Amino acid sequence: MINMNDIVLVIILLSVLLSLSSNRLMALVKYMAMQGVMVSLLPLLLEQHSRIGSGGLIFFQVMILIKGVLIPGLLYIALKRVVIKREIEPIIGYHASLFAGLIIILVSIFITERLQLSLPQGRELLLTTAITTMSAGFFLMMSRRKAITQVIGYLMLENGIYLVGTALTKHAHTIYIVEFGVLLDVLVGVMIMGIILNNINHTFDDIDTDHLNRLKD
Amino acid sequence: MESFCTIALAFLLAPLYPGIILKVKALFAGKKGPPLLIKYYTLLKLLHKGSVYSTSTTFVFRLGPLVSCAGAMMILLFFPLGGISPIFSFHGDVIVLFYILGIGRFFTISAALDTASPFEGMGAAREAFFGTLAEASIFAILILFYRMTGALSFSDYFIGAKSISLDGTAGALLLLVIVSLFMVLLTENSRVPVDDPATHLELTMIHEVMILDHSGPDLALIELGSFYKLFFYSAFIFLIVCPFNAAWGLFNLPVFFVGISLVYVAIGLVESGMARFKMNLVPKFVLTSLILVSFAAILTMEFIK
């Protein structure tokens, strides 16, 4: 009755938009968790007519676990360790980011129209969402200063790439693409861990210099 | 006849629902909270009192409460509460009605400026600013609805031939509309993330500071008007979430009046869970709602060709 695909896609777009406008890093991580779950739910909903083998089902469940729980969990831990609560001075402000989001979606609709791919029925919105998510991820990486926000932008970009894969394939031999996606995820996980360590180093440095400044006076 | 009963019920019950918000907030704070009928007691108390008018005010000051309350009552007359056809309806009534609400706001602001109190002037400026931003979102919603239904009246939106519902052609987009309409509701009715109805510091008030000089029956009218306005926005959201079938007749009424309290519970939850924004963050909040709807309006290009 209610078209579940479209609802999932709209929720993905909602999370993209909210993450462009949010200045709290904790909220950003929550949006990413929501987006991850939705992105990994999508293939299940798309392929409701053709059967997915039990292997495929397990695969998608693992993906929900990784995208919805593991990666946001890692980010959460990273945020807990680092004391930063919010992005203070983004390179492009929040109002402008929101407006850029609007332009991004316009452009991605235009691109979808112009590409004229022979998409399966009802996947035009999927491709639009995918391109929007990708470009918004790029935008987030470019326009924020904090390393952790840039990683979130990278994750969003990766979600978008995965969505493009889902939109274009008919899931006949998807296993490779999905595996590739998960590989990228793991890569991001490693990156996050690197940032945790890096940031801890940074904070200790900062504390040290503060102490030194105070001593000087 | 049905329509008249519905409207009468709505007018009677509207002051009950803000009590629900208070109850929810009290439950979250671990308190017992005021009784559910608290707003009726407040209204009765205010109506028993007399009004005090400052000698420096003119007739504009007395006009403010009347006009704002009448505007809020009028919009309910045009709204298909619970899927029952409204008393009045014509093509294009949505635009008229939102501007009638605007007139109400205009008179509240003029009344506030009429007192010549600096605090009230400050509140009036803020109210005008945020109201302008919220109006943009509302009209973006109307544009979207026009694209979806081709109609411009509340009754066509909700009980017409091509009424909007979540399982329609572009139904998924309504999710964006619901989120954005809830943000507009919080802004327009001066609820917590934007304004705090329980604040006691004039510098931080928006709506409350404008009505500081009103007393007695005037204050009761203002309160009543704000209850009706809140009721209208909640009904708007609830009808989008859960469209009613006009064929069910009076059976819709209990469902509607119970269901709408869910919206109020949601408001209560938001108010308990959030602190209010800094003043400079409020425009971002309102603009987010505008962008959400614009998103949806752009996306209709995909659905409706």
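Angles between axes count as roughly parallel under 35 degrees, as roughly antiparallel over 145, as roughly perpendicular from 65 to 115, and as oblique for the rest. Axes are lines fitted to C-alpha atoms, for helices over the stretch in contact, and angles run from 0 to 180 degrees between N-to-C directions.

The model is predicted: local features need pLDDT of at least 70, side-chain atom pairs count only at pLDDT 80 or more, and totals for chains, interfaces and linings use all residues. Residues are numbered from 1 along each chain as its sequence is written, and chains are lettered from A and ligands numbered from 1 in the order in which they are written.

**Exercise 1. Classify the packing of α4(B) against α10(B).**

Step 1. Locate the helices. Helix α4 of chain B covers residues 59-77, and helix α10 of chain B covers residues 216-241. Helices (H or I, at least four residues) and strands (E, at least two) are DSSP runs, numbered from the N terminus.

Step 2. Take the geometry. The two axes come within 8 Å and cross at roughly 25°. α4(B) and α10(B) are therefore roughly parallel to each other.

Step 3. Assign the hand. The crossing of α4(B) and α10(B) is left-handed. A crossing is left-handed if the near helix is turned anticlockwise from the far one by less than a right angle, and right-handed if clockwise.

Step 4. List contact residues. Two residues are in contact if their C-beta atoms, placed from the backbone, lie within 7 Å. On the α4(B) side, these include B:P65, B:L66, B:C69 and B:M73. On the α10(B) side, they include B:L221, B:I222, B:Y228 and B:F232.

Step 5. Sort by class. The contact of α4(B) with α10(B) has 12 nonpolar, 2 polar and 2 charged residues. Ala, Val, Leu, Ile, Met, Phe, Trp, Tyr, Cys and Pro count as nonpolar, Asp, Glu, Lys and Arg as charged, and the others, Gly among them, as polar.

**Exercise 2. Describe chain A, then its helix α1.**

Step 1. Count elements. Chain A has 7 helices and 0 strands. Along the sequence, the pattern is α-α-α-α-α-α-α.

Step 2. Of the 217 residues in chain A, 39% are buried. A residue is buried if 20 or more other C-beta atoms lie within 10 Å of its own, exposed if 12 or fewer, and partly exposed in between; C-beta atoms are placed from the backbone. Among chain A contacts with a separation of 6 or more, 77% join residues 24 or more positions apart.

Step 3. Check the length of α1(A). Helix α1 of chain A (residues 4-21) has 18 residues and should span 26 Å at 1.5 Å a residue; its end C-alpha atoms are 26 Å apart, which agrees. The expected span is 1.5 Å times one less than the number of residues.

Step 4. Judge its surroundings. In α1(A), 14 of the 18 residues are buried, so the helix is largely enclosed by the rest of the structure.

Step 5. Zoom in on A:V16. A:V16 sits in helix α1 of chain A. A:V16 is buried, with 27 other C-beta atoms within 10 Å. Leaving out residues up to four places away in sequence, A:V16 touches A:G101, A:T132, A:T133, A:A136 and A:M156. The C-alpha atoms of A:V16 and A:A136 are 7.0 Å apart, although 120 residues separate them along the chain.

**Exercise 3. Which element of chain A gives the most to the side that touches chain B?**

Step 1. Size the interface. In chain A, 23 residues are in contact with 18 residues of chain B.

Step 2. Name the contributors. α1, α4 (94-115) and α5 of chain A each give two or more residues.

Step 3. α1(A) gives the most, with 9 residues.

Step 4. Sort the chain A side. This side has 16 nonpolar, 5 polar and 2 charged residues.

**Exercise 4. Is B:S190 buried or exposed?**

Step 1. Find the residue. B:S190 lies in the loop between α8 (173-188) and α9 (207-210) of chain B.

Step 2. Apply the count. B:S190 is buried, with 23 other C-beta atoms within 10 Å.

Step 3. Check the backbone. B:S190 is a residue other than glycine, with a positive phi near 45°.
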